[in-house]
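Here is a short report on packing in one protein model. Please look at the sequence and structure first.

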Amino acid sequence: NDLSGAAHLYVDPSLRQSAIEKLAAALWDMAQQAEPGSDRQLQFVRAFSANANTPEQAAIVRSLVDGTAELPGLKIDTDLKWDLLAGLARNNALHDGEIDAALEADKTATGEQAAARGRAEIATPAAKQAAFDSIVEKQGAPNAVIRSTAAGFRTVNDPAVLQPFLAKYLDALNNIWETRTYQMAEELISGLYPHRIASPELRDAVQHWLDKNPKAAPAFRRLVIVELAD
């Protein structure tokens, strides 16, 4: 996670996609070299899927899901399949109805959360808007589903898809605080903060919101300040 975070957030933006591609390629190499059936093999596959960001890398993830390619000793269980589907979602490489079919096969609370995250990870403006609306405009979702949806929403290969949501996020903050419990407000304010578009623009926009809302509840302002500081 630390290595992935460094590649996605701290590498020079002009070099970022190349760095993530190289990271994913190295992780796939290590997965292939790991002891068959070992925990290291499993973790390398999961990390590869989480960082795959080219059509060629997405094709490898697809081959693991479909069983057209295998790693010796690797078992594609329910949890790993959800991780692989999330990798496909980030690359817009899901088949129609694939998440619904996976949820039909895994009718559990964990399955509901994984499906919510997978839908939110689809890297299209429409999918991101649907995810945002499902937890900001609508109420009633369990905290775990809100958390999963927010995690999927903010996870992208190309940060540009999140750019339009900076203003939407800031516009929604007061309503979130006024209409939700503290715990749910914290989940939304922290979970939807668009870290992947870290830039002077993000910093200045959030600081402008703080300057415009000096009388907001201290606990509310603190949630926003913590995200800005990060």
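Predicted model: local features only at pLDDT ≥ 70, side-chain atom pairs only at ≥ 80, totals over all residues.

Residues are numbered from 1 along each chain as its sequence is written, and side-chain values use heavy atoms, with hydrogens and water left out.

**Cores.** The largest nonpolar core has 33 residues. Such a core is a set of buried Ala, Val, Leu, Ile, Met, Phe, Trp, Tyr and Cys residues joined through side-chain atoms within 4.5 Å; buried means under 20% relative accessible area with a 1.4 Å probe, protein chains only. Leu-173, Ile-189, Leu-192 and Val-224 have the most contacts inside this core. α10 (165–179) is one of the elements that give two or more residues to it. α10 gives the most, with 7 residues. A second, separate core of 27 residues includes Trp-28 and Leu-64.

**Helix pair.** Helices here are DSSP runs (H or I, at least four residues), numbered from the N terminus. α6 (residues 98–105) and α7 (residues 109–121) pack at about 175°, with axes 9 Å apart. They are therefore roughly antiparallel (angles over 145 degrees).

**Asn-213.** This residue lies in the loop between α12 (200–212) and α13 (218–229). Asn-213 counts as buried because its relative accessibility is 16%. The table lists its polar contacts (N or O atoms within 3.5 Å, one able to donate a hydrogen and the other to accept it; residues adjacent in sequence count only if both atoms are side-chain atoms).

| Partner of the Asn-213 side chain | Distance |
|---|---|
| Asn-174 side chain | 3.3 Å |

Technical notes:
Buried < 20%, exposed > 50% of the residue type's maximum accessible area, 1.4 Å probe, protein only. Axes fitted to C-alpha atoms, helices over the stretch in contact; angles between N-to-C directions. Parallel < 35°, antiparallel > 145°, perpendicular 65-115°, else oblique.
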